[in-house]
Amino acid sequence: MAEGFVKNAHRMDPYKAYKFRIIMDGRPVLGVHKTGALKRTTQVVAHRSGGENSSDHKSPGRTSYDALTLERGITHDTEFEKWANLVHPFAGDVAMDLVNYKKELTLEVMNEKGHVALRYFLHDCWVSEFTAVPALDANSNAVAVESIKVELNGWERDVATQEPDEASPVPAAG
């Protein structure tokens, strides 16, 4: 039976969903506490063959990539807002930045110790929705959260990212 971990054969548990980071413009985006799932869907094209009309044959059609929502607590960091404003600023269409509105993002999934275990490159990302301030409620006990919905043209796993050696020291903050 195939094992899920090679370097860390002692490990029985899969990676946790709460250890991750988003890299944008070469540095981590601070405060992101939730992301949507990386998901792609390929349409099914059903067709029949001339001599076999009683059943359908299936082949792959177009593939689409679901948008990714990023959420973080509101701070004075304006990176989400600046990026959203490149797509459609208040000034209108003439102020849209047609050159810089798409970015390459990286999603890193880490083990509990902070080693990067999985890395995905997200291509041609741009902001289709921006929530600057959530609904506010003086009776709630919650953090104010801003969010962006990121459209992307595709993603791929970084196959060069190897399983980390869990016996190695904690990585330096960077």
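Visitor: Which residue lies over the face of Trp155?
Guide: This is a predicted model, where local features need pLDDT of at least 70, side-chain atom pairs count only at pLDDT 80 or more, and totals for chains, interfaces and linings use all residues. Residues are numbered from 1 along each chain as its sequence is written, and side-chain values use heavy atoms, with hydrogens and water left out. A charge counts as over a ring if NZ of Lys or CZ of Arg is within 6 Å of the ring centre and within 35 degrees of the ring normal. At 5.1 Å from the ring centre of Trp155, the residue is Arg40.

Visitor: Are the planes of Tyr120 and Trp155 stacked or edge-to-face?
Guide: Rings of Phe, Tyr and Trp (its six-membered ring) pair if their centres lie within 6.5 Å; planes under 30 degrees apart are stacked, over 60 edge-to-face, the rest tilted. Here the centres are 5.8 Å apart and the planes sit at 80°, so the pair is edge-to-face.

Visitor: How many residues apart in sequence are the parts that Tyr120 and Trp155 tie together?
Guide: Strands are DSSP runs of E, at least two residues, numbered from the N terminus. Tyr120 is in strand 8 and Trp155 in strand 10 (residues 154–157), so the parts tied together are apart in sequence by 35 residues.

Visitor: Is Trp155 buried or exposed?
Guide: Buried means under 20% relative accessible area, exposed over 50%, partly exposed in between (1.4 Å probe, protein chains only). With a relative accessible area of 17%, Trp155 is buried.

Visitor: Which residues form one aromatic cluster?
Guide: Tyr120, one of them, is buried too, at 16%. The cluster is made up of Tyr65, Tyr120 and Trp155.

Methods:
Helices (H or I, at least four residues) and strands (E, at least two) are DSSP runs, numbered from the N terminus.
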